[in-house]
Amino acid sequence: MKFKELMSFPATEAGKIDIDELILNLPSTPIDVLEQFYQDHGRNEQFHEQYAELDIHNLKWELVNLTFNEISCATIFSSFQRWVDACYIKSRRVSTDLNWKLIGHTDQTVENWKYNHTWNRSPIFLELNCKLHLVEGHSRFGCLRGLVSEGLIPSNRTHKIWLAKIV
């Protein structure tokens, strides 16, 4: 099944693809991936620009631990680069103002960054041509970049990510 075929799936009034339909059609895909990638973005024009021809039945998903050093070189779709950069700049201010709330997300997210030094939900990456590509989690990735650049999180600390390899 190609990513573009998700457009034919039933959706909610908010435009999200019906999760039960996704579970039925992609039973070996982790629910977190179904929600973050397919349900939330299966009808998103920018995602179809990138992934329309991606065969999502041939993806093997795994939750892995990688260091920032290992994920920092991931490619990012050019339309999302400004968003990643904005989150990077915003999170860098945490070190100068000593205020973790500058990250600007929910209280739960801020607390998780402050005390656990990682995201509270694993972002989505694909391995394409032996390189990592960030699919979903651009705010989280930008935030981590900023916090690492200011020494608030060590670059060798591990973070859980969902990683798909084409099989």
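## Helix 7 and H138

H138 is found in helix 7; helices (H or I, at least four residues) and strands (E, at least two) are DSSP runs, numbered from the N terminus. With a relative accessible area of 7%, H138 is buried. Buried means under 20% relative accessible area, exposed over 50%, and partly exposed in between (1.4 Å probe, protein chains only). Leaving aside residues up to four places away in sequence, H138 touches I76, F80, W83 and V84, where contact means heavy atoms within 4.5 Å.

## Basis of the model

This is a predicted model, in which local features need pLDDT of at least 70 and side-chain atom pairs count only at pLDDT 80 or more, while totals for chains, interfaces and linings use all residues. Residues are numbered from 1 along each chain as its sequence is written, and side-chain values use heavy atoms, with hydrogens and water left out.

Helix 2 is mostly covered, as eight of its eleven residues are buried. The buried residues in helix 2 are D32, V33, L34, Q36, F37, Y38, Q39 and H41. F37 is buried at 0% relative accessibility. Residues up to four places away in sequence aside, F37 touches F3, G42, F47, Y51, L54, W61, I124 and V135.

## Aromatic pairs

A search of the whole structure finds twelve aromatic pairs. Rings of Phe, Tyr and Trp (its six-membered ring) pair if their centres lie within 6.5 Å; planes under 30 degrees apart count as stacked, over 60 as edge-to-face and the rest as tilted. The ring centres of F37 and W61 are 6.4 Å apart and the planes stand at 75 degrees, so this pair is edge-to-face. Because F37 lies in helix 2 (residues 31–41) and W61 in strand 1, the pair ties together parts that are 24 residues apart in sequence. W61 counts as buried, at 10% relative accessibility.

Ring pairs also link F3, F37, Y38, F47, Y51, W61, F77 and F80 into a cluster.

## Salt bridges

The count comes to eight salt bridges, each defined as a side-chain nitrogen of Lys or Arg within 4 Å of a carboxyl oxygen of Asp or Glu. In one of them, K4 pairs with E53, the closest N and O atoms being 2.7 Å apart. K4 lies in the segment before helix 1 (19–25) and E53 in the loop between helix 3 (45–51) and strand 1 (59–67), so the pair ties together parts that are 49 residues apart in sequence. K4 is partly exposed at 40% relative accessibility, and E53 is partly exposed at 47%.

R145 forms a salt bridge with D85, with the closest N and O atoms 3.4 Å apart. Since R145 lies in helix 7 (residues 138–149) and D85 in helix 5, the pair ties together parts that are 60 residues apart in sequence. R145 is partly exposed, with a relative accessible area of 21%, and D85 is partly exposed, with 28%. Salt bridges that share partners join K2, K4 and E53 into one network. The side chains of R140 and E136 also meet in a salt bridge (3.6 Å, N to O), and both R140 and E136 are buried.

## A charge over a ring

R145 also lies over the face of Y88, at 4.4 Å from the ring centre. A charge sits over a ring if NZ of Lys or CZ of Arg is within 6 Å of the ring centre and within 35 degrees of the ring normal.

D97 is found in helix 5 (residues 78–97) and counts as partly exposed, at 44% relative accessibility. The side chain of D97 makes a polar contact with the side chain of T96 (3.4 Å). Such a contact is a pair of N or O atoms within 3.5 Å; within protein, one must be able to donate a hydrogen and the other to accept it, and residues adjacent in sequence count only if both atoms are side-chain atoms.

Most residues other than glycine have a negative phi. L98, although not a glycine, has a positive phi of about 50 degrees. L98 is placed in the loop between helix 5 and helix 6 (107–116) and is exposed, at 70% relative accessibility. H117, also not a glycine, has a positive phi of about 55 degrees. The loop between helix 6 and strand 3 (124–128) holds H117, which is partly exposed at 25% relative accessibility.
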